[in-house]
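Hello,

Here is the structure I promised to pass on. Please open it first, then read my notes below.

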Amino acid sequence: MGNLQAENASATRINKAPTKAQTSSIGLNINGVTRTFSPSSPDMPLLWVLRDLLGLTGTKYGCGIEVCGACMILVDGQAQKACDMSVSEAVGRKIITIEGIASDPQGKLVQAAWIANQVPQCGFCQSGMIIAATAALKAGKHGAAIAGSINNLCVCGTYQRVLAAVSTL
Ligand code: FES
Ligand code: FES
């Protein structure tokens, strides 16, 4: 988790007004497909692009200040908070959101473990949880090591079921 200064910086970024009315067209590789759109600014948070421009609303907006993990996506196989990445930083990277997780070999295993253990309650945090677990599995972690790498917040308190699910991975 970032310190207060980092949180303030991030909050400034995500609330920042567009620097110009419309920037030129940008293409991003998302879930194996090139998606093209015109963000209002190259600084636009990737989270806004995913949810508001591309309709990929499985990636959630929780805190907006790099704390909760609800906005996690995979970028080149690593977990990344989409509220902390600008659209220009995402160019040329391979992005996977929760909508594409079943097409990822490790993501499919995590998804199956989540279903088998009936992990979600309200579900709001769960896409980020699954992304974090998938990234850890991709990094060669298993069981308790995956659990140790997940810092996502869940206000429903599903942590015991998350532990049960990752213990099978
Ligand atoms: S919305 Fe990005 S970490 Fe909470
Ligand atoms: S399942 Fe509700 S916030 Fe985690």
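This is a predicted model: local features need pLDDT of at least 70, side-chain atom pairs count only at pLDDT 80 or more; totals for chains, interfaces and linings use all residues.

**Two helices in contact**

On the α3 side, the residues are Gln106, Gly107, Leu109, Val110, Gln111 and Trp114. They meet Ile130, Ala133, Thr134, Leu137 and Lys138 of α4. By type, the residues of this contact are six nonpolar, four polar and one charged.

Now the geometry. Two packed helices are described by the angle between their axes and the distance between the axes. Helix α3 covers residues 105–116, and helix α4 covers residues 126–138. Their axes come within 9 Å and cross at roughly 130 degrees. The crossing of α3 past α4 is right-handed.

**Strand pairing**

Next, look at strand β3, residues 72–75. How many bridges join β3 to strand β4, residues 78–81? There are four, and the two strands run in the antiparallel sense. One pair to find is Ile73 with its bridge partner Gln80 in β4.

β3 and β4 form a hairpin with two residues between the strands. Check Asp76 there: its phi is positive, near 50 degrees.

β3 also pairs with strand β5, residues 94–96. This pairing is antiparallel too, over two bridges. Here Val75 stands opposite Ile95 of β5.

In a regular strand the side chains alternate between the two faces of the sheet. Keep that in mind when you view the strands.

Best wishes

Technical notes: Residues are numbered from 1 along each chain as its sequence is written. Chains are lettered from A and ligands numbered from 1 in the order in which they are written. Axes are lines fitted to C-alpha atoms, for helices over the stretch in contact, and angles run from 0 to 180 degrees between N-to-C directions. A crossing is left-handed if the near helix is turned anticlockwise from the far one by less than a right angle, and right-handed if clockwise. Two residues are in contact if their C-beta atoms, placed from the backbone, lie within 7 Å. Ala, Val, Leu, Ile, Met, Phe, Trp, Tyr, Cys and Pro count as nonpolar, Asp, Glu, Lys and Arg as charged, and the others, Gly among them, as polar. Two strands pair if DSSP finds at least two bridges between them.
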